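The following exercises concern the structure shown below.

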Amino acid sequence: MSTTLVTNIGTLVTNDPTQTPTQTQTPTPLGLIHNAAVLIDGPRIAWVGSATTAPPADTAHDARGRAAIPGFVDSHSHLVFAGDRTQEFNARMSGRAYSAGGIRTTVAATRAATDEALEANVTRYLREALRQGTTTFETKSGYGLTTHDEARALRIASRHTEEVTYLGAHIVSPDYADDPAAYVELVTGEMLDACAPHARWIDVFCEKGAFDGDQARAILTAGKAKGLHPRIHANQLSYGPGVQLAAELDAASADHCTHLTDADVDALANSDTVATLLPGAEFSTRAAWPDARRLLDAGATVALSTDCNPGSSFTSSMPFCIALAVRDMGMTPDEAIWSATAGGAQALRRTDIGRITPGARADLVLLDAPSHVHLAYRPGVPLVSEVWQRGVRTTGHAG
Ligand code: NIG
Ligand code: FE
């Protein structure tokens with residue numbers, strides 16, 4: 001396999017806390033190295049350190065002083081859908097509130113779409129995300145709500161990522177509006193049997209207008225029995241049992257976490273469940289921001305993700321989410337960048353991504369900036385200049 005040395009990196013974010021910029025400085029979670037180099041061997045990272053001590057390589061690639069960070073890990077998206085909801089967004093920006101019911105519009109459009117149209121949509125948003133530095137993403141079903149349509153969404157998703165989530169329990173299917181119990185039976189029975197082979201995770205929207213705590217527990221427990229690991233949409237629009245349930249069931253992640261009691265914060269801080277915050281949703285629904293500072297100060301692990309979907313958060317941009325988290329959710333730039341990379345990896349229980357360390361997947365982003373802090377300091381500016389995925393430069397100009 002051939003080796004490439006990416007060298008002359010102004011500031012490298014490794015997310016390896018044992019790395020320190022100089023021997024006199026204290027270690028930080030980002031594990032910064034100044035004037036750094038990264039040796040890539042095939043799809044993996046082989047060596048990381050100071051450019052002055054780098055080993056020889058078949059090819060050298062000059063970063064010209066730019067900063068490098070691990071590829072973003074977007075651990076929460078809903079990319080298998082058709083249509084858009086511009087009108088609903090316009091109505092919200094004129095004062096109307098967001099509710100779970102809007103999901104029905106996308107369910108109708110998704111059911112009516114061909115496999116090819118859905119696949120083309122996924123590809124389009126993935127390319128868009130990759131150009132903005134996302135090298136790993138999770139995505140969900142949840143806009144089909146029949147056995148056939150949920151299984152087809154998962155089949156399509158699994159052609160693009162291994163992080164696939166079964167979300168038959170997004171809302172009660174309109175076909176079962178009069179009998180939600182029968183829909184829960186379907187989601188935990190025939191639909192689960194058809195979907196489990198195509199997914200790694202199971203999710204439920206635990207919220208007023210979607211599923212209550214008992215229904216959510218039944219759904220996640222049934223998924224666990226079929227080998228799917230839980231994650232959950234929790235405490236997004238109101239206080240509720242979702243976060244406690246996530247901790248109880250050892251969910252990898254509780255997502256949204258916008259309305260939290262002190263007991264919810266404690267439950268997250270004392271469990272392995274990551275609190276995944278999705279600021280695109282609060283931006284797009286004009287809602288109160290989740291309080292990242294409160295979670296971090298309590299000792300919880302925080303991830304940042306886009307929640308990319310046509311209803312509540314139609315952005316694929318991790319840099320945008322970082323900027324919002326820093327400006328409005330009390331995070332420092334360092335914390336937000338950790339959460340968008342290593343935090344996302346932890347929310348997917350992965351150790352091979354979200355870091356630039358020997359053995360990790362060679363996913364890295366070069367920024368048109370001397371430091372990673374510019375991602376928050378220069379919001380809205382397209383700073384992602386090169387993206388390397390599994391050791392291959394996928395976008396960007398030659399260095
Ligand atoms: O994560 N909260 C539930 N699901 C999505 C919204 C889906 C939609 O409105 O279409 C979310 O925000
Ligand atoms: Fe979501």
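**Exercise 1. Describe the contact between domain 1 and domain 2 from the side of domain 1.**

Solution. The model is a predicted one.
Step 1: count the residues; 23 residues of domain 1 are in contact with 21 residues of domain 2.
Step 2: identify the elements; β5 (67-70), α14 (374-377), β17 (384-389) and β18 (392-396) each give two or more residues to the side of domain 1 that touches domain 2.
Step 3: find the largest share; β17 supplies it, with three residues.
Step 4: locate the domains; the assignment gives 3-71 + 354-396 for domain 1 and 73-347 for domain 2, and their centres, taken over C-alpha atoms, are separated by 30 Å.

**Exercise 2. Determine how helix α5 and helix α7 are arranged.**

Solution. 
Step 1: the axes of α5 (residues 180-188) and α7 (residues 213-225) come within 9 Å and cross at roughly 15°.
Step 2: because angles under 35 degrees count as roughly parallel, α5 is roughly parallel to α7.
Step 3: the crossing of the two helices is right-handed.
Step 4: Val 184, Val 187 and Thr 188 of α5 meet Gln 215, Ala 218, Ile 219 and Ala 222 of α7.
Step 5: this contact has five nonpolar, two polar and no charged residues.

**Exercise 3. Characterise the shell around ligand 1.**

Solution. 
Step 1: of the 13 residues around ligand 1, those that come nearest are Ile 103, Phe 205, Asn 309, Gly 311 and Ser 312.
Step 2: the shell divides into nine polar, three nonpolar and one charged residue.

Note on methods:
Residues are numbered from 1 along each chain as its sequence is written. Chains are lettered from A and ligands numbered from 1 in the order in which they are written. This is a predicted model: local features need pLDDT of at least 70, side-chain atom pairs count only at pLDDT 80 or more; totals for chains, interfaces and linings use all residues. A residue is near a molecule or strand if its C-beta atom, placed from the backbone, lies within 6 Å of it. Ala, Val, Leu, Ile, Met, Phe, Trp, Tyr, Cys and Pro count as nonpolar, Asp, Glu, Lys and Arg as charged, and the others, Gly among them, as polar. Axes are lines fitted to C-alpha atoms, for helices over the stretch in contact, and angles run from 0 to 180 degrees between N-to-C directions. Helices (H or I, at least four residues) and strands (E, at least two) are DSSP runs, numbered from the N terminus. Angles under 35 degrees count as roughly parallel, over 145 as roughly antiparallel, 65 to 115 as roughly perpendicular and the rest as oblique. A crossing is left-handed if the near helix is turned anticlockwise from the far one by less than a right angle, and right-handed if clockwise. Two residues are in contact if their C-beta atoms, placed from the backbone, lie within 7 Å. Domain bounds come from an automatic or database domain assignment.
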